[in-house]
Amino acid sequence: MFRHLSNKLIVILFGLLLMLSLAFIGFAVWSTPMFLQELNQKLNLTLAQNIVKEKNLLSNHKVNRQALQSVFMGLMVVNPLIEVYLVDNTGKLLAYSAPAGAIKRDRINLAPVKSFLTGNRHLPILGNDPRDAKRDKVFSAAAIRDSNGNLQGYLYVVLGGQAYDSVVDMLQSSYMLRLWIGAIVVSLLIAGLAGFVLFRHLTRRVQTLALGMEQFKQSDFQHSIQLPARFDGRPGDEIDQLGVTFREMSERIIQQVKQLQHSDTSRRELVANVSHDLRTPLASLQGYLETLALKAEQLSEEEKQRYINIAYQHSERLRKLISELFELSTLENQDARLHFEPFSMSELIQDVSQKFQLHAQEKNLVLTTHIPAQPAFVSADIGLIQRVLENLIENAIKYTPAGGQIGISLVHGNNGVATSISDTGQGIPESDLPHIFERFYRVDKHRDEDGTGLGLAIAKRIIQLHNSSIDVASRPDSGTTFSFRLPSADLTQQHA
Ligand code: ADP
């Protein structure tokens, strides 16, 4: 039952209302007799005073029995619960209306009487009831003075009222009290019912949310949760906001889980590729070195030299592979640091193409540059951009057959500086094009050639770190063009 928030809230509400009602009833039961006493005393405030004014009850400390008797008779008729006492100025009873046997004390405490007579009082004031040794009652009192103003004694009127022996007794005899309690019980029921309806309504949306979260968990964080239209992103109360935030959070979690799965798969692939690509040259290297070590005596000097050369080539391939892998992982690191600076892209292209001229000529290729006379300045990491150019030119030379042409051109436009490297080589099949920037990816027919399959991945990552992208266009047997764009350097700012 207490699993539901609404039930808990209703029980809490009911508990609080009940506590409040009990406190209220307790207060009513405690205060009602006091209220009645106060009322009684207030109504009879001047009763004793009026009697004293009218009747000469004490003269020369002698009780005027006749006058007293008529007072007793008069009051008896009006209110039989009233008891009249004549006391001297020490509080000793001189005469009373009650039967002699009923009197339990022969003097009363005058302090409450004096306090009553000062007029400066908080009612009710309770004074001794001579008929009861334990209980005090409300009273009315008046001082009796002779014609010279000397105090003769006091007229002390005990205002007997209904005395309740128990709360039940009081409840039974007080219609108003019963009415109050009835009203409290009815309000309690109405408040409880209203609370029930309201809490159910409020917590229904929390339940929907909880259900959505549960379903999301059960789907193994795969399916985004569908929340009702209320959680549609409009500014609502906290529950609506919670729903919107939760849906956004779940979408983010799904995205991250997918990313994690993807990076896990590519990590596995990488490990497999790395171990395969390292194992092949390593095995060859080992084979040639073993042959050299075991059969050194049977081999001619030329053969030995050839074996050493092959072993060296394999070790060189290993070195290249490992250094490119290291380079790529450094670039893929989230906090790869780039050193941006303004430099002339025109000059860099000239320098790099110069470097490859000899190599191109050896392969009977024509390497030309098409660069405008006006130098084009870019803001980039010069070392890394040089690396990109080298990779792309190296590939163009590698995959273009003798007699072909390689052109490097630069265009300085409004959108920055665009560089492209084209060749008239064998091109890349359309099915391979989307993959050539992936790590270790090589077009099938190039697998046996010298290469690591990491060059383009490195180039792509470098351009990506410059917030740009590298594009490729290729037609089999007619050629390939790689191009990328870099932001122009704001030289005015640099020189300012
Ligand atoms: P590799 O070390 O094998 O050259 P790259 O990452 O630089 O690795 O290139 C990936 C693959 O893309 C190459 O193996 C090759 O098949 C293809 N490729 C790259 N550049 C060219 C090009 N200019 N012409 C034809 N194919 C190319």
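Tutor: One definition comes before that: two strands pair if DSSP finds at least two bridges between them. Please bear in mind that this is a predicted model.

Student: Then which residue in strand 14 is the bridge partner of Ser422?

Tutor: The partner of Ser422 in strand 14 is Thr481. Strand 12 (residues 416-423) and strand 14 (residues 479-486) run antiparallel to each other and share 7 bridges.

Student: What is the strand order of the open sheet?

Tutor: The open sheet has 5 strands in the order 9-11-12-14-13, and its pairing is mixed. Strand 9 (366-370) and strand 13 (470-475) are the edge strands, each pairing on one side only. On average, neighbouring strands are turned by 15° against each other, direction ignored.

Student: And which strands does helix 10 touch?

Tutor: Helix 10 (residues 382-398) packs on this sheet and touches strand 11 (405-413), strand 12, strand 13 and strand 14. Its direction makes about 20° with that of strand 12.

Student: Changing topic: how many aromatic pairs are there in the whole structure?

Tutor: A search finds 9 aromatic pairs. In one of them, the ring centres of Tyr85 and Tyr156 are 6.4 Å apart with planes at 50°, so the pair is tilted. Tyr85 is in strand 3 (residues 82-88) and Tyr156 in strand 7 (residues 151-159), so the pair ties together parts 71 residues apart in sequence.

Student: Are those two buried or exposed?

Tutor: Tyr85 and Tyr156 are both buried. Tyr156 also forms a tilted pair with Phe139, at 5.1 Å centre to centre and 40° between the planes.

Student: Where is confidence lowest?

Tutor: It is lowest in helix 12 (residues 491-495), with a mean pLDDT of 54. Where pLDDT is low, the predicted coordinates should not be read in detail.

Key: Residues are numbered from 1 along each chain as its sequence is written. This is a predicted model: local features need pLDDT of at least 70, side-chain atom pairs count only at pLDDT 80 or more; totals for chains, interfaces and linings use all residues. Side-chain values use heavy atoms; hydrogens and water are left out. Helices (H or I, at least four residues) and strands (E, at least two) are DSSP runs, numbered from the N terminus. Axes are lines fitted to C-alpha atoms, for helices over the stretch in contact, and angles run from 0 to 180 degrees between N-to-C directions. Contact means heavy atoms within 4.5 Å. pLDDT is the predictor's confidence in each residue, from 0 to 100. Rings of Phe, Tyr and Trp (its six-membered ring) pair if their centres lie within 6.5 Å; planes under 30 degrees apart count as stacked, over 60 as edge-to-face and the rest as tilted. Buried means under 20% relative accessible area, exposed over 50%, partly exposed in between (1.4 Å probe, protein chains only).
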